[in-house]
Amino acid sequence: MRKNIVAGNWKMNKTLPEGIALAKEVNEAVATIDLACEVILGTPFIHLSSVALVVDSNKVSISAQNCADKASGAYTGEVSAAMVASTGAKYVILGHSERRAYYGETDAILNEKVKLALENNLIPIFCIGEVLEEREADKHFDVVKSQLENGLFSLSAEDFGKLVLAYEPVWAIGTGKTASSEQAQEMHAFIRKTIADKYGKEVADNTSILYGGSCNPSNAKELFANPDVDGGLIGGASLKAQDFLGIITSF
Ligand code: PEP
């Protein structure tokens, strides 16, 4: 069965000591809670192994925010999926809109990254979502479908079944403008149906689909109450333990 998940994406925030302090704060807080979701901290690469040492892996999992599209070798500055896995990370965020927009990550590159992540037993949290102009032109369903088809649908059903998806309308990321609960549910149901058409209902029903885009403690409960919204990928509100906790306890 699919899991409820709240995953923080720290992006390029927090020095190493600040990140360790935040991870400890989240870890101490969740220790006292009967969790109804898996909690994930998506940290910068350099934080991964230190953060893994200070959290209880039964309650808090660690995620990278990217990995290379090559296995190893002369790729200065890159970090491979195998390296990420060796830190104790369980997840890797792939296809975030900031990676697609600022670093030219195409569906084909992302497909390579997903395959390498899976080969190294990392679970990709694969992000899809439309920009504002695409929604306004009523192309949002086509865009999301093509991201799924070109980024992921070459995978076997078995491999696809290992993924977590995150629907992140780009116009809602870091803007304070959240998708309405209806917009989120409508797109999540569409994504689940698209998966069912390709891989069958069982795979679709077992896939966790997170919502991302200005999710905060005030709107999380309503968003997560939707039948096809299985949690959130959280940027800004994951940088303060109390806000992140407010979202975690929205289930
Ligand atoms: C994100 O970066 O994945 C995100 C959803 O950011 P924010 O919550 O800040 O909109």
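Modeller: In the lining of the largest pocket, helix H4 (residues 97-102) holds the largest share, three residues; helices are DSSP runs of H or I with at least four residues, strands are runs of E with at least two, and both are numbered from the N terminus. This is a predicted model, in which local features need pLDDT of at least 70 and side-chain atom pairs count only at pLDDT 80 or more, while totals for chains, interfaces and linings use all residues. Residues are numbered from 1 along each chain as its sequence is written, and side-chain values use heavy atoms, with hydrogens and water left out.

Biologist: What is the volume of the largest pocket, and which residues come closest to its centre?

Modeller: The volume of the largest pocket is about 410 Å³, and of the 13 residues that line this pocket, Lys11, Met12, Gln65, Arg99 and Tyr103 are the closest to its centre. On a 1 Å grid over the protein atoms alone, a pocket is an open set of points with protein on both sides within 12 Å along at least five of seven lines, a cavity is a set where a 1.4 Å probe fits but cannot get out, and lining residues have an atom within 4 Å of a point.

Biologist: How many cavities of 30 Å³ or more does a search of the whole structure find, and what lines the largest cavity?

Modeller: The search finds one such cavity, and the largest cavity holds about 40 Å³ of space. Its lining includes Gly95, His96, Ser97, Arg100 and Glu168, with H4 and strand S5 (123-128) being the elements that give two or more residues.

Biologist: Why is serine 97 called buried?

Modeller: Serine 97, found in helix H4, has a relative accessible area of 14%; buried means under 20%, exposed over 50% and partly exposed in between, with a 1.4 Å probe and protein chains only, so serine 97 is buried. Serine 97 also lies 7.6 Å from glycine 129, C-alpha to C-alpha, although the two are 32 residues apart in sequence.

Methods:
Grid points are joined across faces, edges and corners, and a volume is the space filled by probe spheres set on the points.
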